[in-house]
Amino acid sequence: MKLQHQYLLITTFFISFFCFSKMIWAGVDREPSINVPVNELHASLLNIMKDVSTKSFQERYNVMEEVMVTHFDIPLIAKVILGRYWKTLEKKEQTDFIDSFNRLTISTYVNQFNSYNGELFRTLSIEQMKKNRFVIKTEFVRIDDTPVSFNYIVQNNKGAWKIISVIANGINDLSLKRADYSSVIKKRGFDSLITSLKQKISNIQPK
Amino acid sequence: MTASHILKLVKYLVYSGVLILAAGCATTQNNVSENSHDPLEPANRTVFNALEKLDKQFIKPVAESYVSLTPVPVRTSISNFFDNLSYLNVIFNDFLQGKFEQGMTDMLRFAYNSTFGIAGLFDISTPIGMPANSEDFGQTLATWGVNQGSYLYLLGPSSTRDITDQVPSTLLNPFFYFSSVVMAPISVLNAINTRANLLEKSNIRDEAALDAYSFTREAYLQQREFKVHDGNPPASGYDDIFNDASDIGNTDDNKESGMLVIE
């Protein structure tokens with residue numbers, strides 16, 4: 001092939017490649033802020049994993065608290081977990097529950113993600129479920145171990161995308177907690193639920 | 001097969017036969033518990049509480065000692081050994097589910113690990129592109145349209161459908177055909193090693209769960225769904241819980257006529 005033909009071919013190739021990738025990215029990038037909650041969560045988790053020896057439990061707790069409050073739709077999550085019991089509660093009881101539930105969730109994250117050995121998070125796909133709801137599929141890659149699948153349901157709440165559910169290896173955190181907590185309420189009542197939550201929190205937090 | 005083996009086999013067959021019948025009956029009678037998955041809840045809870053006590057006082061401490069005394073590579077080899085012994089059941093269920101390609105790869109995996117992997121002690125198949133698959137008779141029944149049945153807690157979480165796996169998995173395990181004298185210590189090692197591998201999960205549960213029984217049941221049932229769909233359950237199942245909460249989980253854009261779930 002003549003030299004100028006080769007150059008033409010190469011240039012055409014690069015231009016096509018450039019346009020094609022722009023097309024792909026335009027498709028994926030339909031709404032950049034959708035990725036924010038999950039990316040922020042992953043970044044913070046990796047941070048607290050790396051900072052275990054340099055930061056105290058409280059400091060790492062504060063990092064995760066910031067993430068939870070900003071990027072999770074806590075009020076919605078709390079309502080769904082309590083299901084039909086939610087409406088039977090007084091305002092103060094609802095607030096108490098949200099507060100205790102929040103503290104337990106954050107403490108559990110801090111306690112579970114407590115060492116770093118080269119792990120990373122990888123986003124796999126984003127699928128639309130409804131007009132306002134997407135599922136983001138990711139995986140937590142570990143060295144010398146099988147990856148853990150973490151899927152997130154995000155929903156747009158008054159302009160901001162927030163996480164409303166976490167599914168780890170097929171197990172939906174929300175369903176798990178709902179079954180757990182409704183069992184306690186049914187057998188021992190709501191006050192007992194709050195007491196048990198507080199007990200769990202104090203078990204996790206360092207003395 | 002010796003007489004004791006035949007006896008064991010008959011016991012397993014009767015056992016699973018009774019359970020399948022029970023599954024059929026259990027789903028038609030009035031549920032004792034309000035939870036539609038768990039009509040056997042009172043009996044299950046009794047067994048659960050008894051086993052948890054035994055676990056806390058005896059089994060778990062033994063597993064923890066085992067972990068502290070045994071180096072990781074040794075425990076990995078032990079896990080590999082037992083996983084390999086039970087792999088014939090995976091192959092069997094691959095074919096029953098029509099997963100022929102996977103069945104062929106799994107046969108290769110078993111052959112390689114058993115020979116070059118020295119009786120299954122070393123998993124040399126995963127690094128060369130033949131990772132382990134997880135198939136059992138419960139999943140096979142699921143692909144044939146049998147639903148979960150009732151949650152059943154016997155020696156761990158199971159269901160009236162999934163417990164049927166005990167039959168093929170026992171018959172297809174080569175060690176079943178050895179004498180009990182050899183079997184006993186090996187079974188004990190298998191039990192301790194299995195418990196050791198579950199320590200991380202049980203610690204997470206103990207930390208987060210207020211009612212360990214419900215937590216275990218829910219996690220088990222969901223994980224079975226995950227396995228039946230080979231790790232890729234339809235995403236549409238994820239937000240059923242929001243529909244259940246009638247209007248609570250739906251913004252204006254997502255409102256549908258929700259199903260009211262009686263809990």
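At roughly what angle do the axes of helix α3 and helix α8 of chain B cross? In this predicted model, the axes of α3 (residues 72-85) and α8 (residues 180-197) of chain B come within 10 Å and cross at roughly 115 degrees. The crossing of α3(B) and α8(B) is left-handed. On the α3(B) side, the contact involves Arg75(B), Ile78(B), Ser79(B) and Phe82(B), which meet Ile186(B), Leu189(B), Asn190(B), Asn193(B) and Asn197(B) of α8(B). By class, this contact has 4 nonpolar, 4 polar and 1 charged residues.

| Pair | Centre to centre | Angle between planes | Geometry |
|---|---|---|---|
| Phe81(B) and Phe175(B) | 6.0 Å | 70 degrees | edge-to-face |
| Tyr151(B) and Tyr220(B) | 6.2 Å | 55 degrees | tilted |

Phe81(B) belongs to helix α3 of chain B and Phe175(B) to the loop between α7 (166-171) and α8, so their pair ties together parts 94 residues apart in sequence. Phe81(B) is partly exposed, with a relative accessible area of 21%, whereas Phe175(B) counts as buried at 13%.

The tyrosine pair also links distant parts of the chain: Tyr151(B) is in strand β1 (residues 151-153) and Tyr220(B) in helix α10 (residues 212-228), 69 residues apart. Both Tyr151(B) and Tyr220(B) are buried.

In chain A, one aromatic cluster is formed by Tyr109(A), Phe113(A), Phe121(A), Phe140(A) and Phe150(A). Charged side chains also lie over ring faces: Lys50(A) over Tyr116(A), at 5.0 Å from the ring centre, and Arg109(B) over Tyr87(B), at 5.2 Å from the ring centre.

Key. Residues are numbered from 1 along each chain as its sequence is written. Chains are lettered from A and ligands numbered from 1 in the order in which they are written. This is a predicted model: local features need pLDDT of at least 70, side-chain atom pairs count only at pLDDT 80 or more; totals for chains, interfaces and linings use all residues. Side-chain values use heavy atoms; hydrogens and water are left out. Axes are lines fitted to C-alpha atoms, for helices over the stretch in contact, and angles run from 0 to 180 degrees between N-to-C directions. Helices (H or I, at least four residues) and strands (E, at least two) are DSSP runs, numbered from the N terminus. A crossing is left-handed if the near helix is turned anticlockwise from the far one by less than a right angle, and right-handed if clockwise. Contact means heavy atoms within 4.5 Å. Ala, Val, Leu, Ile, Met, Phe, Trp, Tyr, Cys and Pro count as nonpolar, Asp, Glu, Lys and Arg as charged, and the others, Gly among them, as polar. Rings of Phe, Tyr and Trp (its six-membered ring) pair if their centres lie within 6.5 Å; planes under 30 degrees apart count as stacked, over 60 as edge-to-face and the rest as tilted. Buried means under 20% relative accessible area, exposed over 50%, partly exposed in between (1.4 Å probe, protein chains only). A charge sits over a ring if NZ of Lys or CZ of Arg is within 6 Å of the ring centre and within 35 degrees of the ring normal.
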